[in-house]
Amino acid sequence: MTLSLYHRLALTITAMFMLIVSVFVWWTQNLSSVSRAQAEQQLHIGLAAHLAQDNPLLQQGVYDYEALENLFHTLMVLGPAFEFYFVDPGGKLLTYSAKPGAVKRASIDLGPLVQLIKTPTKLPVYGDDPRSPDGKKIFSVAPVYNEQKLQGYLYVIIGSSIYDSIVAQLNSSDQLVKQAMWLGVFLLLLFITLLLLFRFMTQPLKRLTQYIRSTEQHKFDIQQVPLLSWQQHNNEIHQLGNGINAMLQTINQQMSQLTAVDEQRRQLLAHLSHDLRTPLASLQGYLELVERQCDASGDMQRYMDIALKNCTQLKNLIDQIFELAHLESGHTQVHFETFNMGELIYDVLAKFALRAQQAEITLQVTPTECDFVVYSDIAKLERVLSNLLENALRHTPAGGSIAIVVTPKAGNFDIAVQDTGVGISQKELPYIFEARYQASNSKGCKKTHAGLGLAITARLLQLLKSDIKVNSQLGEGSEFVFAVRGAE
């Protein structure tokens, strides 16, 4: 399915909008998380140092669980958002405020602890979370000494598991859900507004595209499809519309001129052919009379034969020109009727039987019992068959054959005229139905016919709402095929 410009723009803006919103949400959440961590760590950065200084047990270097249990319990009651750990100088967890089994690490990395002690201004600094095998959290840390000897570190996690669960509950509270819904509604309205804006911008282009398709269906006739009105301003689409209007007007003007010239040509040919037929017929009659009454022999008789032959050829040419001009004028009447196709075929073959016998060419019909009823114009169909048979006789050498094959096909009939003649080259096939075109393989008959037979045949079949196809190979013969409507 082909997508319109609006649909492509809508899909593009949808994808871009979703990507931008996703990046924005991720960035704001990340920025908020980092800012909150930085603020909380800055706020509680001295917590561990104060606890170490204010508690005698820590100052004395006591770090066993039983001794520090009450201390850590009291501290967690006062500050439930914190977790307390005592770490030896090697990073091993000696004791902690969490219940046994809740801690997933036996030791932590001391690098972040030393970094925070040395440069407490570069925040946030994340340290290992003992409750998670790979988690990180902000912290406060203070070294614990006993008489200038480092006993370990008081490691305070800022944001305990209890704190995290409470934050998660708050994030899922109704207030946050409502705020998220309002944010979603705002983003949806913004998205719809963008789509409407794109629709407004692409609507003139869609209108122009539909108009061009309509004019194409009506063969660019602006009489049937009036021109669209476009405003005169800097909008590129309106400028394009005005340009197309000017182009269509020019095309229609040129087409009108060509139609008028073509009509004049047809009328001239028809009138010229009509005016020449009467004196030519009179000339032919007198020549025939002189030939019958003249007792001359030798050169005089040969001259009379040449003159009569050329007069007959000229008459045939004028008749074909007149017929073609009449067909192209558009005034030819078509009379459809029901008749037997087999009878017509055998009648046409009878006209050419003597000529085919003299040329030693075999004529045949397939099937022999050709009893098919069709619905067409019998006179014009007879003319089509006659032209095709005459053309086949001219191009088939002695000893060859010509066949008319009738094939039923989906309620209609395909009529094929096949010959075993010299054939037509592939380069010349597209041009054989043009007026006055003669293929280069004509069998020495370029001076004995006008070359309009196939052009007349094509025009007649157009009137019969059919077309003609040709299959041919040099040296193998030709086949002309057209369809005839079957009687209902």
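In what order do the five strands of the open sheet run? The order is E2-E1-E5-E4-E3, and the pairing is antiparallel. This is a predicted model: local features need pLDDT of at least 70, side-chain atom pairs count only at pLDDT 80 or more, and totals for chains, interfaces and linings use all residues. Residues are numbered from 1 along each chain as its sequence is written, and side-chain values use heavy atoms, with hydrogens and water left out.

Start at the edges of the sheet. Strand E2 (93-96) and strand E3 (126-128) each pair on one side only. Two strands pair if DSSP finds at least two bridges between them. Helices (H or I, at least four residues) and strands (E, at least two) are DSSP runs, numbered from the N terminus. From one strand to the next, the twist averages 40°. Strand E1 (residues 82-87) runs antiparallel to E2, joined by three bridges. Tyr85 faces Tyr96 of E2.

Helix H5 (residues 111-118) packs on this sheet. H5 touches E3, strand E4 (136-146) and strand E5 (149-158); contact means heavy atoms within 4.5 Å. The directions of H5 and E4 make about 75°. Axes are lines fitted to C-alpha atoms, for helices over the stretch in contact, and angles run from 0 to 180 degrees between N-to-C directions.

Now turn to Ser466. Ser466 sits in the loop between helix H12 (453-463) and strand E11 (468-473). Leaving out residues up to four places away in sequence, Ser466 touches Leu461, Phe482 and Ala483. Phe482 is 16 residues away along the chain, yet its C-alpha atom is 6.7 Å from that of Ser466. A polar atom of the Ser466 side chain lies 2.9 Å from the backbone oxygen of Ala483.

Terms used
A polar contact is a pair of N or O atoms within 3.5 Å; within protein, one must be able to donate a hydrogen and the other to accept it, and residues adjacent in sequence count only if both atoms are side-chain atoms.
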